[in-house]
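I opened the model and kept short notes on what I looked up. The entries follow in the order I made them.

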Amino acid sequence: MKPFLPSIALFALATLAPLSAEAAGKIVVAYQTDALPSSVAIANGDFAKATGSEIDFRKFNSGADIFAAIAAGDVQVGYVGSSPFAAAVSRGLDVKAFYLASASGTDEALVVRNGSGIETPADLKGKKLAAAPVSTDHYQLLAVLKQEKLSERDAQVFAIPQPDIVAAWNRGDLDGAFVWDPALTELKKTGKVLLTSRQVADRGAPTFTAWVATAAFAKENPAFLKSFAGVVERYSVSFRDDKAAWGSESPNAKTLAGLLGGTPSDQAAALNNLSLIPARQQASKDWLDGGENSGTARILKETAEFLKEQKKVSTVLPSYGGFVTADYVKALP
């Protein structure tokens, strides 16, 4: 079993004093394999055009990997989930969420294998389950087990990267896994969804995904972040208002498939599972506004408290309001 990354592992690279790509005139932005409307802007260059900057987009397998790269000074902006976010800042990393990509939806889910005998969450006892380490999926999987009064040992939980989850699933080594696309689509071929991320949120463990920037970068580059957030919002509005432009045969779906893998149909279906938050809602106290009283800061603190209870982090900060800002979404037209 691969455990959650301890703080020494997460920040060991930070002592290496790497040559910053930003210092060389290039901003490094980390993304993942999730299907997002704004990922089209990675492929077609719209982010670079809007910001007037040279951007090096790098694909990562998890938020934990992205935070390790941020800690090492190799990444300035990244797309991450709330669980690795809470873990990273609890361990001392100073970053700010400036745009929320999505809230708990159906784009992440606990899939159980056909014939596994798992019909309800209570049936997870004694089963072999997996999720990516320090991910929102791992957090929600552990939360489901806690709700069912089960421990990790009761259910044999493996914390392994998503590519390894798919390989283990295809070998028949797992009974269930909490995953996002493209793994979600793959596992559903021989399994069924037991709980979606939204359902787990309704059970008391909400999550989100966000674009974050290092505090130093945010202070020095507010115009970049405003323009970057504007691109994300523009593509999100397009998806919400013009679904025909994002169907399985659309250029957008084909572009996503070329960037992220899978088929255009897979990408179109994954987009429809998203729970996007309009910028005007993000600018409210329900999400990014209000400092420690913002909804996002409260989720981070609740997540950190759970992770400490599960012995995944050693410290819960008094407030997580300093890692959240509504400045950039408020500046959008």
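**Entry 1, Thr136.** I listed the contacts of Thr136, with contact meaning heavy atoms within 4.5 Å. Leaving out residues up to four places away in sequence, Thr136 touches Gly81, Ser82, Ser83, Pro84, Glu108, Thr207 and Phe208. Thr136 sits in helix H6, residues 136–147. Helices here are DSSP runs of H or I with at least four residues, strands are runs of E with at least two, and both are numbered from the N terminus. I then looked up the side chain. Thr136 is buried, at a relative accessible area of 6%. Buried means under 20% relative accessible area, exposed over 50%, and partly exposed in between, with a 1.4 Å probe and protein chains only.

Residues are numbered from 1 along each chain as its sequence is written, and side-chain values use heavy atoms, with hydrogens and water left out.

pLDDT is the predictor's confidence in each residue, from 0 to 100. I noted a chain mean of 92, with 92% of residues reaching 70 or more. Residues 1–24 stay under 50, and the model has 43 contacts for them beyond four places in sequence. Where pLDDT is low, the predicted coordinates should not be read in detail.

Which helix holds Ser83? I found Ser83 in H5, residues 82–90. The relative accessible area of Ser83 is 0%, so Ser83 is buried. The Ser83 side chain reaches the backbone oxygen of Ser135 at 3.4 Å. Beyond four places in sequence, Ser83 touches Val134, Ser135, Thr136, Tyr139, Thr303 and Leu307.

How many residues of H5 are buried? I counted nine of the nine, so H5 is largely enclosed by the rest of the structure. Just after H5, Gly92 takes a positive phi of about 115°.

The axes of H4 (residues 63–71) and H5 come within 9 Å and cross at roughly 35°. Axes are lines fitted to C-alpha atoms, for helices over the stretch in contact, and angles run from 0 to 180 degrees between N-to-C directions. Gly63, Ala64 and Phe67 of H4 meet Pro84, Phe85 and Ala88 of H5.

Val80 lies in strand E3, residues 77–81. Val80 is buried at 1% relative accessibility. Its contacts beyond four places in sequence include Gly63, Phe67 and Phe85. Val75 is in the loop between H4 and E3. Val75 also counts as buried, at 2%. Among the residues Val75 touches are Phe60, Ala69, Ile70 and Thr214.

Notes
This is a predicted model: local features need pLDDT of at least 70, side-chain atom pairs count only at pLDDT 80 or more; totals for chains, interfaces and linings use all residues. A polar contact is a pair of N or O atoms within 3.5 Å; within protein, one must be able to donate a hydrogen and the other to accept it, and residues adjacent in sequence count only if both atoms are side-chain atoms.
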